[in-house]
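Let's take a walk through this structure together. Please have the sequence and the coordinates open beside you as you read.

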Amino acid sequence: MQNKKNQPATEEQKIKDILLREDYVSAKDIENAEEYARKTKSTIVEYLLGQQLLTRDLLGQAIAESFGVSYADLNYNQPTRDQILAIPEAIARRYRAVLYAVKDDSVIVATDNPKQPQMITALKKIFPQKNLTVAYSLKEDVEATFVAYRKPLETRFSLILAGNRRVAPEIIEEILGDALIFKASDIHFDPQEKEVVIRFRVDGVLREAGRVPKEHYENILNRIKVQAHLRIDEHFSAQDGAIRHSKDGKMVDLRVSIVPTLDGEKVVIRLLGEYVRSFTFSDIGLSAADQQLLAEASKKPYGMILVTGPTGSGKTTTLYSLLKALNKPEVNVMSIEDPVEYKVSGMNQIQVNKQTNLTFAEGLRSIVRQDPNIILVGEIRDRETAEIAVNAALTGHLLFSTFHANDSATAVPRLLDMGIEPFLLASTLEMVIAQRLVRLICSSCRFSASMSQQELAAAFPKLAPYFNQKSLTFYKGKGCKSCGDTGYKGRLAIFELIPVGRELKEIILRNPSSKQVWEIARRDGAHSLFEDGIEKVKNGITTIEELLRVAAPPEQQPQAMR
Ligand SMILES: [Zn+2]
C-alpha cells in the first residue's frame, strides 16, 4: 500500500485536491477517509484503496498529476527483464527507478519520486544519447520489478558452495530471504537420496525453490536445530522449536518442526508474524457493509460470534482482526488456542497442552475465573467446550470462536445437535460468519478482457444471472516473475455473515433446519459466500475460475446485488 507518511503533508493535500477536482472520489468519501486515517494512524489513500473507492490506477494517475508528470502503469505495460536490468541495481534501488519504455531516441523512466535532481544526472550517464522523460509509478509497482535483479536461489547456492565460505548460515539466510520476498507461509526441506529439495508454500500452493547437495545438509540441519533450541544429537524422533529471526529491522517468528524420514530429517519452517502487522478488516477482504454488521454485532458487552469454514479458510485471521479492533488497554482479552498462531500484544494467550491436560474446556474454565471482557476460544470441538462457551457468553463475556461447518446457516442446527439448549443458544448467539480464501489476481501482471453477456452464458451458464450489464469486464493475471507465473499473488477471504436478529432467535428455540435459518437470514438481507465472491470478481480482485474453485453458486436466485 502506498505509504506517504514520510512525504510532506502538502503532497497528501495535493492528491486529495486532485481526487476531488477530477471526481475520482466524493467529498463524503474523503471525509470518512480522513476520520479513518486519524483513528488508525494510517493514510486516506489506504482507506480509499481498502474500501475499493479508488483503484490503484486512478490513484497513480492522481499522484502523477500532482507531480506534473505522466503516469506509467507498470501493471499494464510491464518492462522486460532486459529493460529492468538496463539500469544498474544500485541506482535503480537508490532512486526507485525502472526503465518504462524505449523509443528510437528517447527513454521513459518510471519512479515513485520524480523530484530527484541527482537521479536525472545518474540516468543521463546511463542513457547518454537519449531524450529522457520521467514518469510516475506507484512505489510498490516499481519495487515489484526489482525481483529481476535477484539471481535464482540455485545460482546463489552454487556461488556460496564455490566460495567455500560459511556455507550453512549463508544458505539458510538466502532461503529465508526468498521466503519472505515471496511471502511464503512455509519452507520445506525435503531430504532425498542425493540432495535436499527446498520448497516454499505460497498462497497455499507448494513449489520448488531450489536444491542443495546432501553433503551440506547436516550442517544446515544442525544450525537450524541450534537456533531453534533443539537437540543436535537426536535424529530419530520428532522435535518442535521456535526461532526469532530478524531481517532489516523486522522480526519474524519461525516455528520449526523436524520429523525423521527414511532419507533423513525433514524440516518444515512456518513463518509467522511478518504478515500479521496490518490485520485490518479491509486487508482480510471484509466489505464496508459487512464491517458495519460485524461492528454492530461485537458492540454488545456479551454474546457469541462464531466463524465457520474448513481448515485453512482464514478463520483465525478473522478473529484476530476482530480482537485487534476491540483490543484497548481497559479491555481484558484472553484466549485459549491450539496452537497460538500469532502473539498479539496486550492479550493473554494460553496454549492447549495435552500433556498437562490443558484442553479447550479446561483452559476456558480457568479463563472465566480471570475476569476477562473478551474471550477467544480457538475452536469449539465438543459439547463440553460448547457448553462452557455458551455459559460464558451468557454471563457477561463477549466470546469469539471457530466452528467446523460448511456454511453459516448449518452452524445453528449443528450446535443444537451437539446438545446446546436452544434457549441458551438463542440468547447468546449474535452472529455466524462463514468464509473461504480466494487467491488475488497478481497486481504486477493483471490485465482486463471484456466479455459479452452471451459469451459469459456459454462459458459459465450458472453465472449469467449475477451479471446484468451487456458487456462485462473481467480481470486476470498473465503470469510474471513476481507471482511465479501463476497469475495470482496473495489471498483474502470471501464472507457470508448472518446477524442473529429477533426472528432468528425465535426460530432457534424451535430446532430449525439450516434451510429455515438461511431463509430468514436471506429475508434480513444476508448475502451468500458466492455473492460476496462475485462482487470481488467484478472489482477485479479475483477471477471467476478461482471463485468457482472455492465456492459453488447457490441454488436460489441471487440476492439483489449491492
Ligand atoms: Zn504476476
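First, some ground rules. This is a predicted model, in which local features need pLDDT of at least 70 and side-chain atom pairs count only at pLDDT 80 or more, while totals for chains, interfaces and linings use all residues. Residues are numbered from 1 along each chain as its sequence is written, and side-chain values use heavy atoms, with hydrogens and water left out.

Let's begin at the metal. The zinc ion is held by the SG atoms of Cys442, Cys445, Cys480 and Cys483, at 2.3 to 2.4 Å. Donors here are N, O and S atoms within 2.8 Å of the metal (3.2 Å for Na, K and Ca), and sites may look incomplete because water is not among the atoms. Along the sequence, the donor residues follow the spacing C-x2-C-x34-C-x2-C. What arrangement do the 4 donor atoms make around the zinc ion? It is tetrahedral, because the angles they subtend run from 106 to 112 degrees; the rule for four donors asks that all angles lie between 85 and 135 degrees.

Cysteine 442 is buried at 0%, and cysteine 445 is buried with a relative accessible area of 0%. Cysteine 480 is buried at 6%, and cysteine 483 counts as buried at 3%. As for disulfides, the structure holds 0 of them, where a disulfide is a pair of cysteine sulfur atoms within 2.5 Å.

Now for the charged pairs. A salt bridge is a side-chain nitrogen of Lys or Arg within 4 Å of a carboxyl oxygen of Asp or Glu, and by this rule the count comes to 35. One of them joins arginine 156 to glutamate 174, with the closest N and O atoms 2.6 Å apart. This pair links distant parts of the chain, 18 residues apart: arginine 156 sits in helix H9 (residues 153-163) and glutamate 174 in helix H10 (residues 167-181). Helices and strands are DSSP runs numbered from the N terminus (helices: H or I, at least four residues; strands: E, at least two). Arginine 156 is buried, at 11% relative accessible area, whereas glutamate 174 counts as partly exposed at 24%. Both belong to a salt-bridge network that links Arg150, Arg156, Glu174 and Asp178.

Glutamate 546 is worth a look too. Its side chain meets that of arginine 439 in a salt bridge of 3.1 Å, N to O. The two are 107 residues apart, with glutamate 546 in helix H23 (residues 544-550) and arginine 439 in strand S15 (residues 429-441). Both partners are buried, glutamate 546 at 1% relative accessibility. Glutamate 546 also meets arginine 549 in a salt bridge of 2.9 Å, N to O. Those two residues are separated by about one helical turn, because they are 3 residues apart in helix H23. Arginine 549 is exposed, at 53%.

Next come the nonpolar residues. In soluble globular proteins, nonpolar side chains tend to be buried together. A nonpolar core is a set of buried Ala, Val, Leu, Ile, Met, Phe, Trp, Tyr and Cys residues joined through side-chain atoms within 4.5 Å. The largest one has 43 residues, and those with the most contacts inside it are Met304, Leu399, Leu425, Leu429 and Ile508. Helix H16 (residues 383-394) gives this core its largest share, 6 residues. Apart from it lies another core, of 35 residues, including Val196, Ile220, Leu230 and Val267. Leaving aside neighbours within four places in sequence, methionine 304 is in contact with residues including Val390, Ala393, Leu399, Leu425 and Leu429; contact means heavy atoms within 4.5 Å.

Alanine 62, in helix H4 (residues 56-67), is buried at 0%. Beyond four places in sequence, its contacts are Ile18, Leu19 and Tyr24. Its C-alpha atom is separated by 8.7 Å from that of lysine 16, 46 residues apart along the chain. Aspartate 141 lies in helix H8 (residues 139-145) and is buried, at 6%. Not counting residues up to four places away in sequence, aspartate 141 touches Arg56, Leu74 and Asn75.

Note on methods:
Buried means under 20% relative accessible area, exposed over 50%, partly exposed in between (1.4 Å probe, protein chains only). Four donors count as tetrahedral if all angles lie between 85 and 135 degrees; four count as square planar and six as octahedral if opposite donors are over 155 degrees apart and all others between 65 and 115; anything else is irregular.
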